[in-house]
Amino acid sequence: LDNGINLDASTGYIDYKRSTNYDNSSSPIMTNIQHRGEVFNMFSQEFRVLSERGGTFEWEAGLFYQQEDLDLGNTGDRKYQTITIRGNLRTPVRHSDNWQDTEWMSAFAAFTFNFMDEKASIDVGARYKKIDKQSYVQGYGSTFIFDIDPDGPGDLVPGNGAISSTDITGTTRTVTSSIINCATRNIACGSYGAGFWTHTWNLRDTPNAWNTRSPVDAGPLMVVLRTDNPNGDGITAPLLGLPFYRDYNDNSLDPQITLRYRPTDDTSLYAKWSRAFKGGGGDLATGTMPRDYREFNIQPETAENFEIGAKGKLLDGAANYNVSLFQITIDDLQIATSIPQNLGGG
């Protein structure tokens, strides 16, 4: 503008789709085909007002808005669905429907006071952020159906006993109350009745009696992944069909202060303190999804930064230097990991 004030407007838009296929069995034979789909779109808009540069006071202020939708599963288009097809005895098909909708709104401002003939200055600024996020995970799966009693003739009653099972590592495990007798007309058996057996979806080690026998069929696709209490109150219950959902709303005011001193035209010294914030939400991992609602929740991350440094020129501008010393303290750091739960992860 004629008075030296600048008005800036920035608009951003992203729209992409991704479809991938790979075999996760690490073997010459395709036994664990995993199809992953991802559909994402984002829109952002920022308006910024800046004062004329130089002088005793400088300032800027602005507003920012961003909205994004992420779909990692049941998109309505089979090309972008997330589904796993396995050739093991445990799970023939697994399908997930994961999505997250996020909306950011923020207002920010910064003021600079120049003094000592503009050799020194102090910046004071802050950003207020408001985040609304909805995270959703729903799992579907099926199990194989067998025509052999997993307990063996005259042994334990199917579905009510402890079954010895040896997994691929040679470790002997005990499977308790995980076998389903299709004589009970359980939904996991589909149309099969007496004389057939299957198991609960979360059984990782099939009984030894099944390890040398091929299944007769695959059961129907069911809502089965969520087996623990979704309220996170420590009570475990087989509440099948309930998705993990989190409506996350949060806000934060993040300030920063910077002090600068320029003893010469070629040297600048500074010290800075600031705080930062990253919103929480839900874990949308499509690989090993959490079975406990408390593991689904992601807490917000906060950081505090102290920094000092020097910048300048040497040898009449033939060389530049930039030296800084900083310490960042982060609480509730958010990281992506691939740690199996049986190794103490989560």
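Good morning. In this protein, residues 24 or more positions apart account for 66% of the contacts with a separation of 6 or more, a contact being heavy atoms within 4.5 Å. The structure is a predicted model, in which local features need a pLDDT of at least 70 and side-chain atom pairs count only at pLDDT 80 or more, while totals for chains, interfaces and linings use all residues. Residues are numbered from 1 along each chain as its sequence is written, and side-chain values use heavy atoms, with hydrogens and water left out.

Let me begin with confidence. The pLDDT, the predictor's confidence in each residue from 0 to 100, averages 81 over the protein, and 79% of the residues score at least 70. Over residues 152-169 the pLDDT stays under 50, and the model has 40 contacts beyond four places in sequence for them. Residues 227-239 also have a pLDDT below 50, with 24 contacts beyond near neighbours in sequence. Where pLDDT is low, the predicted coordinates should not be read in detail.

Next, the overall architecture. The protein has one helix and 18 strands; helices (H or I, at least four residues) and strands (E, at least two) are DSSP runs, numbered from the N terminus. Of its 346 residues, 37% count as buried. Here buried means under 20% relative accessible area, exposed means over 50%, and partly exposed lies in between, with a 1.4 Å probe and protein chains only.

What forms the largest nonpolar core? Nine residues do: Phe40, Met42, Leu70, Leu72, Val137, Phe244, Leu284, Tyr293 and Phe296. Strand E2 (32-50) and helix H1 (293-296) are the elements that give two or more residues to this core. Such a core is a set of buried Ala, Val, Leu, Ile, Met, Phe, Trp, Tyr and Cys residues joined through side-chain atoms within 4.5 Å.

I turn now to charged pairs. A search of the whole structure finds eight salt bridges, each defined as a side-chain nitrogen of Lys or Arg within 4 Å of a carboxyl oxygen of Asp or Glu. In one of them, glutamate 38 pairs with arginine 18, the closest N and O atoms being 2.5 Å apart. Glutamate 38 lies in strand E2 and arginine 18 in strand E1 (residues 6-23), so the pair ties together parts that are 20 residues apart in sequence. Glutamate 38 is buried at 12% relative accessible area, whereas arginine 18 is partly exposed at 45%.

Another salt bridge joins aspartate 123 and arginine 260, with 2.6 Å between the closest N and O atoms. This pair links distant parts of the chain, 137 residues apart: aspartate 123 in strand E6 (residues 120-141) and arginine 260 in strand E13 (residues 244-264). Aspartate 123 is buried, with a relative accessible area of 14%, and arginine 260 is partly exposed at 25%.

Finally, a loop residue. Is threonine 91 buried or exposed? Threonine 91 counts as buried, at 1% relative accessibility, and lies in the loop between strand E4 (82-86) and strand E5 (93-115). Leaving aside neighbours within four places in sequence, threonine 91 is in contact with Arg86, Ser142, Phe144 and Trp201. Its C-alpha atom is separated by 4.9 Å from that of threonine 143, 52 residues apart along the chain. Thank you.
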